[in-house]
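I'm keeping a few notes while I click through this one.

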Amino acid sequence: MALTPSNMMPLGTVAPDFNLLDTVNQEQKSLKQLRGEKGTVVMFICNHCPFVKHIDTALVQLGQDYQGSGIAIIAISANDVTAFPEDSPEKMARKARDLGYNFPYLYDESQAVAKAYQAACTPDIYLFDAGLACVYRGQFDDSRPGNEKPVTGSDLRGAIDSLLAGKPVSEDQKPSIGCNVKWK
């Protein structure tokens with residue numbers, strides 16, 4: 001497995017809008033519909049990536065911890081499902097239900113949204129403020145499969161907590177590292 005770092009979208013970039021299939025309820029959802037009042041996390045994940053599997057439980061906890069805070073969390077998979085059938089919309093919906101995602105898990109079939117966000121890897125994580133300007137992009141935390149560091153989500157949580165407190169988000173941000181997005 002090749003390690004791919006995130007591209008680190010420039011801070012201040014406005015989140016590109018989208019209209020994607022919510023794999024759980026089979027409805028089209030847009031960023032405008034899903035965004036949070038105080039901020040929005042957009043993360044590119046998938047089912048099969050060991051880096052995503054490594055943080056799955058912590059992603060569920062993140063969703064629970066920030067529910068009702070004004071922060072929306074949105075997960076998107078853009079992988080080529082012909083080459084990676086484990087990432088199909090049906091299996092995405094099953095994973096979301098089995099793990100208890102309380103956030104939408106959207107399918108970017110055309111991969112246009114992943115390209116608009118400059119997504120490079122899974123997980124690739126972004127935090128946008130109330131005006132949808134990028135204030136954080138990077139890693140969940142320092143934990144990786146096999147490095148024995150605990151999965152805490154500390155990098156993303158620190159950014160979210162600063163945003164919620166009305167404080168500037170630190171610009172000292174580390175790229176996420178994971179499997180490359182499986183482009184068609």
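Entry 1, a proline. I started at Pro150, which lies in the loop between β9 (134-138) and α5 (154-164). Keep in mind that this is a predicted model. Is Pro150 buried or exposed? It counts as exposed, because its relative accessibility is 61% and the cut-off for exposed is over 50%. Leaving out residues up to four places away in sequence, I found Pro150 touching Asp141 and Ser143. I also looked up Ile55, which is 95 residues from Pro150 along the chain, and their C-alpha atoms are 9.8 Å apart.

Next I checked Phe140 itself: beyond its neighbours within four places in sequence, its contacts include Ile55, Ala58, Leu59, Leu62 and Leu156. In general, nonpolar side chains in soluble globular proteins tend to be buried together.

In α3 I found Pro89, Met92, Ala93, Lys95 and Ala96 buried. Why are they on the same side of α3? Because they cover an arc of only 160° around the axis. Those buried residues pack against α2, β5 and β6. Over on the other side of α3, Glu90, Arg97 and Asp98 are exposed.

Note on methods. Residues are numbered from 1 along each chain as its sequence is written. This is a predicted model: local features need pLDDT of at least 70, side-chain atom pairs count only at pLDDT 80 or more; totals for chains, interfaces and linings use all residues. Side-chain values use heavy atoms; hydrogens and water are left out. Helices (H or I, at least four residues) and strands (E, at least two) are DSSP runs, numbered from the N terminus. Buried means under 20% relative accessible area, exposed over 50%, partly exposed in between (1.4 Å probe, protein chains only). Contact means heavy atoms within 4.5 Å. The arc is that of the directions from the helix axis to the C-beta atoms.
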